[in-house]
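Please study the sequence and the model shown here before reading on.

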Amino acid sequence: MNGEQPDELPLPPDDGPDAVLDVGGLLGADGPIARRLPDFEVRPQQLALAETIERCLRQRRHLVAEAGTGTGKSFAYLLPAALHADAHQGEGPVVISTRTIALQEQLEQKDLPFLHAVLPFEWSSVTAIGRNNYVCLRRMHLAEREQHLLEDPERHSQLRRIVDWSLHTADGTRQSLDFEPRAEVWEEVQAEHGNCLQRACKHYDHCHWQRARRRMQTAQVLIVNHALYFADLALRIAGASYLPAHRVVVFDEAHHLERVATESLGLRVGRTTVGWHLRRMHSRRQQKSLLARHCGAAAMLLWEEAGLVNEALFADLQDRLQKGGSGEGLALHEQQIEETLSPILRALSGELAAAAVRTEQVDAQMELQARANGLDGLCATLRALCTHNPVAETPLVRWLEPSRHGALLCGAPLDVSAALRKHLFDGGPTAVLTSATLGTGDDASFGWLRQQLGLDRAETLRVGSPFDYDRNVEMVFEEAMPDPSRDAQAWRRDVADRTRRHVLDNGGRALVLCTSWDLVRFLAAELRRPLGDRDIQLLVQGEAPLTRLLEQKRDDARSVLIGTDSLWEGIDVRGDALTMVVITRLPFASPGHPLTQARMQALQAKGLDPFRDHSLPEAILKFRQGFGRLIRSGQDRGKVVVMDPRLRTKAYGRRFVAALPFSADYDADGRSYGA
Ligand code: SF4
């Protein structure tokens, strides 16, 4: 039981003062963890990972480490992190970055309390979340005094509830409220960058955000998520920071880093973004808005004009998108977009800043200046997205993207590797990148991942899973199917037929992985009745929140879950509830997105093959993740059915099979082919 804890915490450790503290001793058969977890098993894979991390931290070398499912990764990095933090006090925290807030909470609530109880030394760990999650008491009282939320009874009532809650909340975070406040209510009371009086604030001593910040500054181990870490990196590049300086960072689920870095270093503006900024200073329903109380008629006219020009600009962009774009967007290439919005926003920002200087009320000054700064940032983003800049240090790919609220103006670095190399990996903290899937299986140095991330020098490690895949997994590669890239209609009819047969034979208990929403809807429609006739519940992604679908899947073991993208990884359904995974199609990403196209062209321009050097490794990685949904514990067993004939008919198909965690024999033409 590595990484799983009992309901009750163990007694304090009784190790003597001379106990040798290294991860080998802690994770060994006679170590404190084994003594306190009756079903703990020493896993050589876990030990190898933990010892390599410990050594790399000591030698200040970056590490890329793939560790198969069931290794007990979280203990394998938390233990060396705690030991390193203890040995290097005063040098900043060891930062652990997880993929999601939910995974942060899992460490905070399960793994860390156990390790605090077991390790024979005092150390501190703190979970960091973004500043906007904390209430700002000064702004909350301002909102209460000014009552500009009170024109709507529901907002009024929510504000009152927040004020009451603030009297007894332990941490002042939005997550600890017993209701979900409307966004516009929380925005009036949240702590904000550039809107804090620091020590001059009369609430400073009781401020939840300031306390959290102090805890973050003194923490020895700091738990963050990737989005927060890379938002902080973007701030650092711009000369500011949120997280404390640190010498070590451990990234779990590190195969997500390129995507998160692209999002954090990218830009995105829509009609509703501009509308949001405008609404935060005034709305037609508000008589006592910030703008109405502190600015004159000129500012009000600019506000009206900005609203109209915003509508016109994004209507025009929507028009362009509809005329020239695909379902995934429209590349802007070298096009300039003429826009008259930013001069108006800039003038409005000037009015707000002037009003901030005029007023003697400190609270109003802060609000006015914060709104002005917000508009300045928005203008800079609009300028970057509307202008083609061929001499930029990091070229920006720009495109229009469809959304529920109309066209979005988007931009992202053509390549994040240069920025990450410069600002993260070269001269930055020692980085450990780990995940169950980091490569294609046949690439010992994880070259594809490292090249994407700009990680030139790193030690590498691959440890397999302790699970017995040869014994516990039956592979079925369906034969004689139409090629989906040639005759998609015939292929999907065949997939529906075969999926129905397999799932019914298995008595449900299946996960069906698709590569498009279109296929999810088609298969759901085809499967609903035959499954219903056998009293098997069909759970379809998109018909309920994913967490609820997963709860239903675990509660009703015979149910069948069908979905796309986010089901291929990160979901953990054990035992009888999941004994079959159907992979409908090899998960090649759609090449239609403007950013993907630009990146493919850039590879071609460098003389590389976009399919071989990008699409294929990316798809193999995702295929491995989909396969990995089946076996989540040593007791799990079942069948993986693959419905894509290209696995057998294309030369690259062998690479998918070879990437699976079977012994060499299994991946030859033996029982692995054909049911
Ligand atoms: S210290 Fe800053 S964040 Fe805290 S209550 Fe005062 S202004 Fe708000």
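A residue counts as near a molecule if one of its heavy atoms lies within 4 Å of it. By this rule, the residues around the ligand are Cys136, Leu137, Arg138, Cys196, Leu197, Cys201, His203, Cys207, Trp209 and Gln210. This is a predicted model, in which local features need pLDDT of at least 70, side-chain atom pairs count only at pLDDT 80 or more, and totals for chains, interfaces and linings use all residues. Residues are numbered from 1 along each chain as its sequence is written, and side-chain values use heavy atoms, with hydrogens and water left out.

The shell around the ligand comprises 7 nonpolar, 2 polar and 1 charged residues; Ala, Val, Leu, Ile, Met, Phe, Trp, Tyr, Cys and Pro count as nonpolar, Asp, Glu, Lys and Arg as charged, and the others, Gly among them, as polar. At least two residues of this shell come from each of α6 (137-146) and α9 (208-218), where helices are DSSP runs (H or I, at least four residues) numbered from the N terminus.

Two packed helices are described by the angle between their axes and the distance between the axes. The axes of α14 (residues 297-324) and α15 (residues 341-358) come within 9 Å and cross at roughly 155°, the axes being lines fitted to C-alpha atoms over the stretch in contact, with angles from 0 to 180 degrees between N-to-C directions. Therefore α14 is roughly antiparallel to α15 (angles over 145 degrees).

Note on methods
Parallel < 35°, antiparallel > 145°, perpendicular 65-115°, else oblique.
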